[in-house]
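Please look over the model below.

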Amino acid sequence: MTEATQRKRIEPVQAVRHSFTLTDNETGESWELPTIHGSIGPKVIDIRKLYGQSGVFTYDPGFTSTASCSSEITYIDGDKGILLHRGYPIDQLAEKTDFMDVCYLLLHGELPSPEEKSDFDTNISQHTMLHEQLVRFYSGFVRSAHPMAIMVGVVGALSAFYHDSTNIKDPMQRMVAAHRLIAKMPTIGAYAFKYSLGQPFLYPENQLSYSENLLRLMFAVPTEDYEINPIVARALDRILILHADHEQNASTSTVRLAGSSQANPFACVAAGIASLWGPAHGGANEAVLNMLDEIGTRDRISKYLGKAQDPEDNFRLMGFGHRVYKNHDPRAKVMRVTCHEVLNELGVQDPTLELAMELERIALEDDYFVEKKLYPNVDFYSGIILRALGFPTNMFTVLFSIGRTVGWIAHWKEMLESSESKIGRPRQLYVGNEPRDFTAVAQREHTEKKSSWSWLWGGNRNSD
Ligand code: ACO
């Protein structure tokens, strides 16, 4: 198949119907801006020709009102708390199917037939091993390294090992890269954990399901049989489904932006992992547990709610609020139910869950959180479940990255296969100095200030 036949036009479903008129009140000039309608969701104003016609940019830090692309993969209605993957509601997917089915759906656009599903499962399972040279990378990290630091490094390094799937113009190579990334992420993540413990790495077992294999790689040791708990495997699978995609979030946008320059998929996903690591994004589930540990007891909840509302205090209630959801995060609803099921079925008594529920109850009745429409997000409960399943806190974001890899790669593929795709290059509102003449160093004013770098060497370069 040629590249040309692969590039398809992702067209808005309905044709241009209305337009917006933009008027410059200073000059009286006006421009007609067409609106485009998607299949569902708000219409968008097409500003692609605005700068060419009018010489003005739009200003939208954080992209709060800007659609950076058109996409067929995921739909969110943040006001109604709706999340659809390829049209299927997230709660149905989480309850009725497994992670591999969702991966196929996100990558290919339709649920697989039984034969396609079986082929896909086999295909993924055959890519789970890492190149032996790549395994040696781990010994270069300190044992105390955060596993997300290892993920960024090792996933980026995949591009040095799998050259035969880095030609992004070849649809077959794109698909092989997608399969490799999905298949190898559990191995890479589990090895980061094993390395921190000083335990030997296990080879993947391809007859196990995706989640079973991940559990075994994480928790088994070569000296003993490892029995997989089906409740734990099912809960983990559900967590992976709930994290599989979330339209143009920070890490997915990072992957798209990196990929827009035609970088290889392994490097792009490494960039996505770096973005996910931040506590405002995927790092929040780890931050929630740290916060709950810091709060400690019910009687201290009001103090922390007060801190969250104090404009002078940087503290935020982790696991609350979302850029898009101004209603319940539908993933958080499923996560809450799963959390109770898992703790009941495993017989885990976790006072942190009780503290979390009390915090949620009080926050949802608090005027500040009500007015700002701050609801628990997916991360509020995921940390508690993951801890009950036996995962250490610093592995939470790693698990998020394993689940999100399919979303990243589905968006990367969609972008490359779209005829609209261009290198991402936002513009800016420049607020710096106006043009001025250079001054030679001898003519510049003297300052008394110590070098701002002095903290690096304690003011004395010879001290080391
Ligand atoms: N606790 C206290 N106040 C909050 C919180 C919070 N968790 N979230 C938002 N607010 C307040 C802000 O202080 C701000 O108040 P202001 O209008 O008086 O200035 C207002 O609500 C709007 O907040 P923004 O930061 O402008 O909202 P934005 O959409 O940019 O941020 C975000 C969304 C980053 C998720 C934010 O809600 C947050 O920091 N939450 C905590 C971190 C978290 O849980 N992240 C996980 C997100 S889900 C995910 O990535 C899978």
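What follows is a short report, arranged by topic.

## Model and confidence

This is a predicted model: local features need pLDDT of at least 70, side-chain atom pairs count only at pLDDT 80 or more, and totals for chains, interfaces and linings use all residues. Residues are numbered from 1 along each chain as its sequence is written, and side-chain values use heavy atoms, with hydrogens and water left out.

The protein has a mean pLDDT of 91; pLDDT is the predictor's confidence in each residue, from 0 to 100. A value of 70 or more is reached by 93% of the residues. Residues 1-6 stay under 50. For this stretch the model has seven contacts beyond four places in sequence (contact: heavy atoms within 4.5 Å).

## Salt bridges

Searching the whole structure gives 20 salt bridges. The term means a side-chain nitrogen of Lys or Arg within 4 Å of a carboxyl oxygen of Asp or Glu. Helices (H or I, at least four residues) and strands (E, at least two) are DSSP runs, numbered from the N terminus.

Lys117 and Asp121 are both in helix α5 (residues 114-125). They are four residues apart, about one turn of the helix. Their side chains meet at 3.3 Å, N to O. Lys117 is buried at 16% relative accessible area, while Asp121 is partly exposed at 27%. Here buried means under 20% relative accessible area, exposed over 50%, and partly exposed in between (1.4 Å probe, protein chains only).

Arg216 pairs with Glu205, with the closest N and O atoms 3.4 Å apart. Arg216 belongs to helix α9 (residues 210-219) and Glu205 to the loop between α8 (171-197) and α9, so this bridge ties together parts 11 residues apart in sequence. Arg216 is buried at 15% relative accessibility; Glu205 is partly exposed at 27%.

Glu414 and Arg256 form a salt bridge at 2.7 Å, N to O. Glu414 is in helix α19 (residues 396-417) and Arg256 in helix α11 (residues 250-260), so the pair ties together parts that are 158 residues apart in sequence. Glu414 is buried, at 8% relative accessible area. Arg256 is buried too, at 8%. Elsewhere, a network of salt bridges links Arg298, Glu358, Arg361 and Glu365.

## Strand pairing

Two strands pair if DSSP finds at least two bridges between them. Strand β4 (residues 74-77) runs antiparallel to strand β5 (residues 82-85), paired over four bridges. Tyr75 has Leu84 in β5 as its bridge partner. The β4 and β5 hairpin has four residues between the strands. Within this hairpin, Gly81 takes a positive phi near 70°.

β5 also pairs with strand β6 (residues 88-89), in the antiparallel sense over two bridges. His85 has Tyr88 in β6 as its bridge partner. This second hairpin has two residues between its strands. Arg86, in the turn, has a positive phi of about 50°.

## Ligand site

The ligand is surrounded by 19 residues, each with a heavy atom within 4 Å of it. The closest are Arg316, Leu317, Gly319, Arg323 and Asn377.

Which residues make polar contacts (pairs of N or O atoms within 3.5 Å) with the ligand? Among them is Arg316, with a side-chain N or O atom 2.9 Å from a ligand oxygen. Gly319 has a polar backbone atom 2.8 Å from an oxygen atom of the ligand. Tyr368 places a polar side-chain atom 2.9 Å from a ligand nitrogen.

Technical notes: A polar contact is a pair of N or O atoms within 3.5 Å; within protein, one must be able to donate a hydrogen and the other to accept it, and residues adjacent in sequence count only if both atoms are side-chain atoms.
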